[in-house]
Amino acid sequence: MKVAFHTLGCKVNRYETEAMAKDFKAKGYEVVDEREFADVYVINTCTVTAVADKKSRQYIRRAKKINPDSVVAVTGCYAQIKPEEVSAVDGVDIVAGTNEKSALNEYVAEYMDTGVRQVHIKGYDELDSYDDTGLVVSTENRTRAYIKIQEGCNRFCSYCVIPYARGKVRSRDVDEIIEEARGLIEAGYKEIVLTGINTALYGMEWTGASEKNDESYDKLYDNDDPYGNNETDGNNELYGNYKHYGNDEPYGVEKIIAKLDKLPGNFRIRLSSLEPAVVNAEYVGRLLKYEKLCHHLHLSAQSGSDRVLRTMNRPYSRKEYLEIVRVLRDFDPCYGISTDIIVGFPGEKEADFDDSCTLTEECGFCKTHVFKYSKRPFTKAASMEGHVAPQVKNRRSDELHKAAELASAKFFEENRGRIEMVLTEELHAEKSMVTGYTGNYIRVYIKTAACDNADADLNRMVKVRLTECFADGMKGEIVTSE
């Protein structure tokens, strides 16, 4: 029997697909490419935007065309949020929510026995336990491995449906995380990426800080100004779960980093992201002492406008965000910072959009992911006034992409001449170069002429001098390899 997987969306979905693939292999399945003929197709969906929903439906139909007699199982956030809509797509046999992925192979076996279509969805209040997938010590990517450390989110940003799709905050046991990391390092992986729905909330359910605060959330909108023009005093009670802790012992995600940093081996640690809605500059500064932690952090700004941030229920100011950036760049002027920014949020004016453009320039992001606001179910923003016209969103998206490209180019230029460790990961399409990433998240292109053998030069840590901007990154010359 053959099974194929198609994964949309975030790094957590990628990890969970690897976990499901492991389970199917244990049942005797052969995992094949999603474009190949298979007996079972598993679509791990995303619902962060309406476009993600559309892509999910397109692949469901495509899978059934490859093999009309196949079993099609749909899981992930889209399945969790809109199970009736997913079930109505022609060809869907099984719908399973975000907390049902570890049981999916059992649901497939049951369907094959009975032929009865299935829907397995838990309500929000039931999404309160960590779905144990066991240890994942082998992945499709042979150089970089993701480790899921937590599930759920309690932030309820006004545009985001993910807390409803993923449920309450629950964290994985730190010793199990370290055990999984040790197995991956022993298997030869040289970069360990810690990921989760909101990695900054790791361990917060144990402090009582992760309960949904309806009163505080609703308070934001219980005034005559639906767009939050009132000035913030910088002491929003929702801001920074970590700001209330003052001891020197590692806490939150730092507990994991501290233990990983002590493990032997030639590897590095990367954080997939930290939310400025949870952490502050002081906490980020605590992380800089760990030698194996990459000099790169994904900090989702979402907007450069304080006014828009308040209506987004993002409890930090532009000034507070810039303070985190300052701490990182004081430590390393070329510290890589990537971000997400939404354009066209309800009520966003030209001045607000300009604030996002100037933030991109001021921060010198190495990469900016630009999203056009998309109305999502269950969210506060969906019912707000002042929705921005599609053509305006398109224009702002184009303009911000240009600003982001200029910021990236400037960041690359500032790295010219620096010597960085690069993890070689892929052969370039023309096979004349290998590519990989620096610790500060620059994609580097290295001529294979500088190496003995192109294939043999993958999954190696090489010391590289960055020489010039090229494509979506920089060219580099090998100094030494390890």
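Tyr 373 is buried (under 20% relative accessible area, with exposed meaning over 50% and partly exposed in between; 1.4 Å probe, protein chains only), at a relative accessible area of 5%. The model is predicted: local features need pLDDT of at least 70, side-chain atom pairs count only at pLDDT 80 or more, and totals for chains, interfaces and linings use all residues. Residues are numbered from 1 along each chain as its sequence is written, and side-chain values use heavy atoms, with hydrogens and water left out.

A pair of aromatic rings is described by the distance of the centres and the angle of the planes. Rings of Phe, Tyr and Trp (its six-membered ring) pair if their centres lie within 6.5 Å; planes under 30 degrees apart are stacked, over 60 edge-to-face and the rest tilted. The count by this rule is 14 aromatic pairs. Phe 345 sits in the loop between β12 (336–343) and α13 (350–363), and Tyr 373 in the loop between β13 (367–372) and α14 (390–414), so the pair ties together parts 28 residues apart in sequence. Phe 345 is buried, at a relative accessible area of 0%. Ring pairs also join Tyr 124, Phe 156, Tyr 164 and Phe 378 into a cluster.

The protein chain contains 14 helices and 18 strands. Helices (H or I, at least four residues) and strands (E, at least two) are DSSP runs, numbered from the N terminus. Of the 482 residues in the chain, 57% are buried. Contact means heavy atoms within 4.5 Å. Among contacts with a separation of 6 or more, 75% involve residues 24 or more positions apart.

In soluble globular proteins, nonpolar side chains tend to be buried together. A nonpolar core is a set of buried Ala, Val, Leu, Ile, Met, Phe, Trp, Tyr and Cys residues joined through side-chain atoms within 4.5 Å. The largest has 71 residues, and those with the most contacts inside it include Tyr 159, Val 253, Ile 256 and Tyr 321. Helix α7 (residues 174–186) supplies the largest share of this core, six residues. Beyond neighbours within four places in sequence, Ile 256 contacts Ile 149, Val 174, Ile 177, Ile 178, Leu 194 and Tyr 202. A second, separate core of 19 residues includes Leu 8, Cys 46, Val 72 and Ala 79.

Helices α1 (residues 11–26) and α5 (residues 104–114) pack at about 50 degrees, with axes 9 Å apart. Axes are lines fitted to C-alpha atoms, for helices over the stretch in contact, and angles run from 0 to 180 degrees between N-to-C directions. The angle makes α1 oblique to α5; under 35 degrees counts as roughly parallel, over 145 as roughly antiparallel, 65 to 115 as roughly perpendicular and the rest as oblique. Met 20, Asp 23 and Phe 24 of α1 meet Leu 104, Asn 105 and Val 108 of α5.

Cys 160 lies in the loop between β7 (144–151) and α6 (162–166). Cys 160 is buried, at 18% relative accessible area. The C-alpha atoms of Cys 160 and Thr 379 are 6.3 Å apart, across 219 residues of chain.

Most residues other than glycine have a negative phi. Tyr 441 has a positive phi, near 70 degrees. Tyr 441 lies in the loop between β15 (433–438) and β16 (443–447) and is partly exposed, at 24% relative accessibility. Ala 471 also has a positive phi, about 50 degrees. Ala 471 occupies the loop between β17 (461–470) and β18 (473–481) and is exposed, at 67%.
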